[in-house]
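I opened this model to go through its strand pairing, its charged side chains and its nonpolar core. The entries below follow the order in which I looked things up.

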Amino acid sequence: IFVTLYKNWEIIWSSWNIVELEKSKAHELIKSCIGALNDERFNNKIDWVDDLKIRIDEVISKTILSDKNVKDINPLNSWVIVIKKDYENLWVILPWISPNINTWEDIVLVLNKKLKSQFIDSEYIVYEIKTKQTTNF
């Protein structure tokens with residue numbers, strides 16, 4: 001489950017697990033939301049609550065890519081989990097996570113920034129993921 005909180009359409013917090021760690025999806029969701037509220041960025045900002053938007057993504061499938069690279073995935077339906085083969089870096093980009101990410105070039109730019117290195121397909125284990133999304137917007 002992936003939980004993402006937005007304020008003014010900007011991502012302000014997210015939490016995720018590839019596999020469920022709690023005894024149910026409800027427990028996982030509650031744990032993620034409590035984690036968000038304990039984030040120091042929320043201290044003394046209770047007035048934000050009315051403006052917060054929440055997005056919940058439940059992973060419904062993940063497929064390791066062996067014969068294709070990130071650019072072969074349709075960015076409107078699926079996005080990626082990338083894990084560096086030495087397990088030094090890991091990152092997830094969900095479908096429609098930001099209105100500023102519309103092409104694979106945008107995704108690679110985000111991966112380069114988040115991974116703090118040049119994203120090269122051959123150095124990463126790449127998963128294609130599909131999610132079921134629920135939002136309050």
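I began with pairing, for which I took two strands to pair if DSSP finds at least two bridges between them, helices (H or I, at least four residues) and strands (E, at least two) being DSSP runs numbered from the N terminus. I note that this is a predicted model, in which local features need pLDDT of at least 70 and side-chain atom pairs count only at pLDDT 80 or more, while totals for chains, interfaces and linings use all residues. Residues are numbered from 1 along each chain as its sequence is written, and side-chain values use heavy atoms, with hydrogens and water left out.

**Entry: overall layout.** I counted two helices and six strands in the protein chain, and reading along the sequence I found the pattern β-β-α-β-β-β-α-β. I took buried as under 20% relative accessible area, exposed as over 50% and partly exposed as in between, with a 1.4 Å probe and protein chains only; buried residues then make up 37% of the 137 residues in the chain. With contact meaning heavy atoms within 4.5 Å, 70% of the contacts between residues at least 6 apart in sequence join residues at least 24 apart.

**Entry: first hairpin.** I looked up strand S1 (residues 2-7) and strand S2 (residues 10-16), which pair in the antiparallel sense over six bridges. Within this pairing, Leu5 stands opposite Trp13 in S2. The hairpin has two residues between its strands, and Asn8 there takes a positive phi near 55°.

**Entry: other positive phi values.** I found Tyr87, which is not a glycine, with phi near 60°, in the loop between strand S4 (79-84) and strand S5 (90-93). Tyr87 counts as exposed because its relative accessibility is 63%. Lys116 also has a positive phi, of about 60°, and sits in the loop between helix H2 (104-115) and strand S6 (124-135); its relative accessible area is 76%, so Lys116 is exposed.

**Entry: charged side chains.** Which residues form the salt bridges, taken as a side-chain nitrogen of Lys or Arg within 4 Å of a carboxyl oxygen of Asp or Glu? The structure holds two of them. One joins the side chains of Arg55 and Asp57 at 2.5 Å, N to O; Arg55 is buried at 1% relative accessibility, and Asp57 is buried at 0%. The other joins Glu128 and Lys130, whose closest N and O atoms are 4.0 Å apart; here Glu128 is buried at 15%, whereas Lys130 is partly exposed at 33%.

I then turned to Lys84, which lies in strand S4. With Lys and Arg counted as positive, Asp and Glu as negative, and His and the chain ends not counted, Lys84 is buried yet has no salt bridge, the nearest side chain of opposite charge, Glu123, being 4.1 Å away. Leaving aside neighbours within four places in sequence, Lys84 is in contact with Asn89, Glu123 and Tyr124.

**Entry: nonpolar core.** I defined a nonpolar core as a set of buried Ala, Val, Leu, Ile, Met, Phe, Trp, Tyr and Cys residues joined through side-chain atoms within 4.5 Å. The largest has 15 residues, and those with the most contacts inside it include Val80, Val82, Trp104 and Phe119. The elements giving two or more residues to this core are S4, H2 and S6, and H2 gives the most, with four residues. Leaving aside neighbours within four places in sequence, the contacts of Val82 include Trp91, Leu111, Phe119 and Val126.
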